[in-house]
Amino acid sequence: MGLAARPDGRTVSYEPQSSEGWVATRLDFLVNWGRANSLWPMPFGTACCAIEFMATAASRFDLARFGMERMSFSPRQADVLICAGRVPFKLAPIIRRIWQQMPQPKWCISMGACASSGGMFDNYAVVQGIDTIIPVDVYVPGCPPRPEGLIYGIRMLQEKVLNERRMDNRLRDEINPDPASQLYIPPSVIDELGEPFGNSVHQTRQAP
Amino acid sequence: MTEKFDVVRAGSAVPDSAPPVSPRNVQHRGGEPNATARAIVERFPGAVSRTEVVWGETTIFISPESVLEVMQWLHDDPAQRYDFLSDVTAVEYRDLDQPIEVVWHLRSLPFRRFLRVKAQLPKRPALEIASVWSIWKSADWMERECYDMFGIRFIGHPDLRRILMWEQYKEGFPLRKDFPLRGRFSRSEQLRQALAQNPEAKYSMEELTIADAFEDLPDDMRRRINSGARTGE
């Protein structure tokens, strides 16, 4: 029988009595299976999304079901950075540093509208999406997202982890920001990402 | 305060005073002004320009030059004793001719009184007013915030620098009416400047009282402190 993936790719079965004490499986699968089911989150909660995140971690929604009950308040022992809430410019170097302190393999979930795009805070103080500072794996929309929404995002991240290949080195490459400007994507892209949208197009950049 | 501190039960300093007004029977404008308003006009006839009562709260307008003198009296006078400064802020009106108002919210715990003091600052390049830090130490951060957001310099403040925005912030004063909502720079430039700030370069030697541990500090920190620099840029 052995330790083998079921067709859905998420669960394994192992029957000790039916085998002779050894299992054979793909290394890729075994490693990813272990990683996906023991993601330690680094909660970076700055606003109301963090309340929903706490609800997700509490007993009713119970993140422990996904092996995530161990909140890692040190980035050095964390696997997933969950950015819950708006990030003002003053926090930009801090979240960048937390991300750089996390060891590989690491992933990032951007939880909520503000972390993903700046949300309704299209103003002078708020970063227009944390993907302008650090790479993001999963965006969870919502203002704030319900715990089910966050869990859906976490399941998507687990799926992503399960489909990684050991041979693909690019996955674990650290993206080094440009030493002069500390930006890791071109300024023109950041300007484009920060363009106003929705209702905020009616507001002008010029002062009255 | 020069006099010796004595315990006063809240609201009991005036023996036969009326009970506090409940919110339900307060009229919007007008009504009986605070007892302080009358006393202050008698004491500083030239300084007070007008008094108004809104929702039962008294506002007095004083001239910017007399701030320190009036505040000191409000704090020290045994019949006033405004011992709690609950807010320092400013108001700028959209009308360009209107002056900027600096607002102090004072509370007298012994007399259960609230007083709003406003001083009108004409719009000049340098907005300056006296700091009340020497009277109420709680003015420290509130005046810093007011400086950070409006650019009003409080003369006599011991450490007037930005508190909400980072110290190298170059775009101006965000709550001023001539400040565009999204800031003056492009998003990439804002992010570049934000990432260039050094989150640890915020404290001076005196603030940290780490003089004893100087030898144990990291090299870069020792160099920075030796050079007298506070900011990282």
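User: New to this one. Is the crossing of α3(A) and α4(B) left-handed or right-handed?

Analyst: The crossing of α3(A) and α4(B) is right-handed. Keep in mind that this is a predicted model.

User: At what angle do α3(A) and α4(B) cross?

Analyst: Roughly 65°. The axes of α3(A) and α4(B), residues 187-196 of chain B, come within 7 Å. That makes α3(A) roughly perpendicular to α4(B), because angles of 65 to 115 degrees count that way.

User: Which residues meet there?

Analyst: On α3(A), Ala92(A), Pro93(A) and Arg96(A). They meet Leu191(B), Ala194(B) and Leu195(B) of α4(B). By class, this contact has 5 nonpolar residues, no polar ones and 1 charged.

User: And which residues of α4(B) are buried?

Analyst: Arg187(B), Ser188(B), Gln190(B), Leu191(B), Gln193(B) and Ala194(B). Leu191(B) and Ala194(B) are buried, and both also take part in the contact with α3(A).

User: What covers those buried residues?

Analyst: The cover includes two elements of chain A, α3 and α6.

User: Zoom out. How many residues does each chain give to the contact?

Analyst: Chain A gives 23 residues and chain B gives 21.

User: Which elements of chain A give two or more residues to that side?

Analyst: α3, residues 92-101, and α6, residues 187-193. The largest share comes from α3(A), with 4 residues.

User: What classes make up the chain A side?

Analyst: It divides into 10 nonpolar, 8 polar and 5 charged residues.

User: Switching to cores. How many residues are in the largest nonpolar core?

Analyst: There are 44. The members that touch the most others are Val80(A), Leu81(A), Ile82(A), Cys83(A), Ala92(A), Ile95(A) and Met111(A). Strand β4 of chain A, residues 80-84, gives the largest share, 5 residues. Ala92(A) is on that list, and it also meets α4(B) as part of α3(A).

User: What does Met111(A) touch?

Analyst: Leaving out residues up to four places away in sequence, Met111(A) touches Cys49(A), Phe53(A), Ile82(A), Cys83(A), Ala84(A), Val140(A), Pro145(A) and Leu150(A).

User: Left-handed or right-handed, α1(A) and α5(A)?

Analyst: Their crossing is right-handed.

User: Who makes the contact of α1(A) with α5(A)?

Analyst: α1(A) uses Asn32(A), Trp33(A), Arg35(A) and Ala36(A). α5(A) uses Gln158(A), Val161(A) and Leu162(A). By class, that contact has 4 nonpolar, 2 polar and 1 charged residues.

User: Why do residues three or four places apart point the same way in an α-helix?

Analyst: Because an α-helix has 3.6 residues a turn.

User: Last topic, chain B. How many helices and strands?

Analyst: Chain B has 6 helices and 7 strands. From the N terminus on, the elements run α-β-β-α-β-β-β-β-α-β-α-α-α.

User: How much of chain B is buried?

Analyst: Buried residues make up 24% of its 233 residues.

User: And its contacts: what percentage joins residues at least 24 apart?

Analyst: It is 52%, among chain B contacts between residues at least 6 apart in sequence.

Key. Residues are numbered from 1 along each chain as its sequence is written. Chains are lettered from A and ligands numbered from 1 in the order in which they are written. This is a predicted model: local features need pLDDT of at least 70, side-chain atom pairs count only at pLDDT 80 or more; totals for chains, interfaces and linings use all residues. Two residues are in contact if their C-beta atoms, placed from the backbone, lie within 7 Å. Ala, Val, Leu, Ile, Met, Phe, Trp, Tyr, Cys and Pro count as nonpolar, Asp, Glu, Lys and Arg as charged, and the others, Gly among them, as polar. A nonpolar core is a set of buried Ala, Val, Leu, Ile, Met, Phe, Trp, Tyr and Cys residues joined through C-beta atoms within 7 Å. A residue is buried if 20 or more other C-beta atoms lie within 10 Å of its own, exposed if 12 or fewer, and partly exposed in between; C-beta atoms are placed from the backbone. A crossing is left-handed if the near helix is turned anticlockwise from the far one by less than a right angle, and right-handed if clockwise. Axes are lines fitted to C-alpha atoms, for helices over the stretch in contact, and angles run from 0 to 180 degrees between N-to-C directions. Angles under 35 degrees count as roughly parallel, over 145 as roughly antiparallel, 65 to 115 as roughly perpendicular and the rest as oblique.
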